[in-house]
Amino acid sequence: HDICYAWGVPPSAASSGSGSIYLRIVASTKYQWVGLGTGSRMDGSQMLIVYQDGTGNITLSTRMASGHSMPEYSQMSSTKLLQGSGVSGGNMIASVELGLGSSGLDVSGPNSWISAWKTGSGLDSSDTRASIDQHDSYDGFSVDLSQAIIAANANPFTNTSTAVSTPSSSAGSAVTSTGIVSSDSVVKAHGIIMALAFLVGFPAGAF
């Protein structure tokens with residue numbers, strides 16, 4: 001799979017509704033950048049943008065989106081990149097601790113998320129304010145964080161072999177034995193939809 005997101009909610013955050021949760025973004029290096037944001041639309045979304053820094057590591061840029069303009073860097077002190085992040089096996093891997101403070105996330109139920117991506121050569125920048133080109137496409141989906149409770153108050157993505165689940169074959173979410181919820185991006189689904197539009201929509205319109 002080209003892009004995969006995963007969530008893990010520590011017991012302390014699940015019981016109090018405060019503190020931090022853990023996120024993992026895994027994306028092919030064929031993408032120039034990949035972003036994951038809170039909410040159902042860009043305006044007001046708190047976004048995590050990931051791109052290569054040019055030294056075998058990645059840059060995590062926390063940004064605030066407004067309308068359809070490029071999301072601008074916004075410092076989020078309670079959000080940070082964790083151990084296990086970097087570039088490996090042709091993938092950008094970001095393990096992130098995300099503070100619940102101003103995110104508006106509800107760890108007791110479903111939450112809306114948006115994602116976006118841009119194909120191309122790596123940005124090769126460690127600048128969190130780096131300019132990024134407009135996305136190729138985007139997706140919106142819901143994740144039930146009450147199904148993502150993990151066993152301990154610690155980063156569950158340190159051991160990638162047990163932490164990152166194998167996504168389901170269709171777009172959506174899957175729950176693993178570790179309590180982590182993961183979701184595929186619908187890159188492939190987007191391609192299928194465009195193919196159907198070309199094969200079915202165009203002839204029908206001509207008819």
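**Figure 1. The whole chain.** Of the 207 residues in this chain, 45% count as buried (buried means under 20% relative accessible area, exposed over 50%, and partly exposed in between, with a 1.4 Å probe and protein chains only). The model is a predicted one, in which local features need pLDDT of at least 70 and side-chain atom pairs count only at pLDDT 80 or more, while totals for chains, interfaces and linings use all residues. Residues are numbered from 1 along each chain as its sequence is written, and side-chain values use heavy atoms, with hydrogens and water left out. Among contacts between residues at least 6 apart in sequence, 62% join residues at least 24 apart (contact means heavy atoms within 4.5 Å). The accessible surface of the chain comes to about 9,900 Å², and 52% of that surface belongs to carbon and sulfur atoms (Shrake-Rupley method with a 1.4 Å probe; for residues, only the protein chains shown count as cover).

**Figure 2. The largest pocket.** Here is a view into about 390 Å³ of space. Of the 22 residues that line the largest pocket, M42, G67, H68, A116 and H135 are the closest to its centre. A pocket, on a 1 Å grid over the protein atoms alone, is an open set of points with protein on both sides within 12 Å along at least five of seven lines; a cavity is a set where a 1.4 Å probe fits but cannot get out; lining residues have an atom within 4 Å of a point. Grid points are joined across faces, edges and corners, and the volume is the space filled by probe spheres set on the points. Strands β4 (46-52), β10 (110-119) and β11 (137-144) each supply at least two residues of the pocket lining. Sorted by class, that lining has 10 nonpolar, 8 polar and 4 charged residues (Ala, Val, Leu, Ile, Met, Phe, Trp, Tyr, Cys and Pro count as nonpolar, Asp, Glu, Lys and Arg as charged, and the others, Gly among them, as polar).

**Figure 3. The largest cavity.** Rolling a probe the size of a water molecule over the atoms shows where empty space is left. A search of the whole structure finds 1 cavity of 30 Å³ or more, and the largest cavity holds about 40 Å³. Its lining is made up of L23, L36, G37, T38, Q46, L48, M76, L98 and W113. Both β3 and β4 supply at least two residues of this lining, with β3 giving the most, 3 residues. The cavity lining has 6 nonpolar, 3 polar and no charged residues.

**Figure 4. I114 and S115 in strand β10.** Zoom in on I114, found in strand β10, and on S115, which lies in strand β10 too. I114 counts as buried because its relative accessibility is 9%; S115 counts as buried at 1%. The C-alpha atoms of I114 and L36 are 5.9 Å apart in space, while the two residues are 78 apart in sequence. Beyond neighbours within four places in sequence, the contacts of I114 include G35, L36, M42, M47 and D139.

**Figure 5. The salt bridges.** Side chains of opposite charge can pair when their charged atoms come close. The whole structure has 3 salt bridges (a side-chain nitrogen of Lys or Arg within 4 Å of a carboxyl oxygen of Asp or Glu). D2 pairs with K30, their closest N and O atoms being 3.2 Å apart. This pair links distant parts of the chain: D2 is in the segment before β1 (3-8) and K30 in the loop between β2 (20-28) and β3 (31-38), 28 residues apart. K80 and E97 meet at 3.9 Å, N to O. K80 lies in strand β7 (residues 80-81) and E97 in strand β9 (residues 91-99), so this pair ties together parts 17 residues apart in sequence. K80 is partly exposed at 45% relative accessible area, whereas E97 is buried at 17%. D136 forms a salt bridge with K118, with closest N and O atoms 3.3 Å apart. D136 lies in the loop between β10 and β11 and K118 in strand β10, so the pair ties together parts that are 18 residues apart in sequence.

Key. Helix = DSSP H or I, 4+ residues; strand = E, 2+ residues; numbered from the N terminus.
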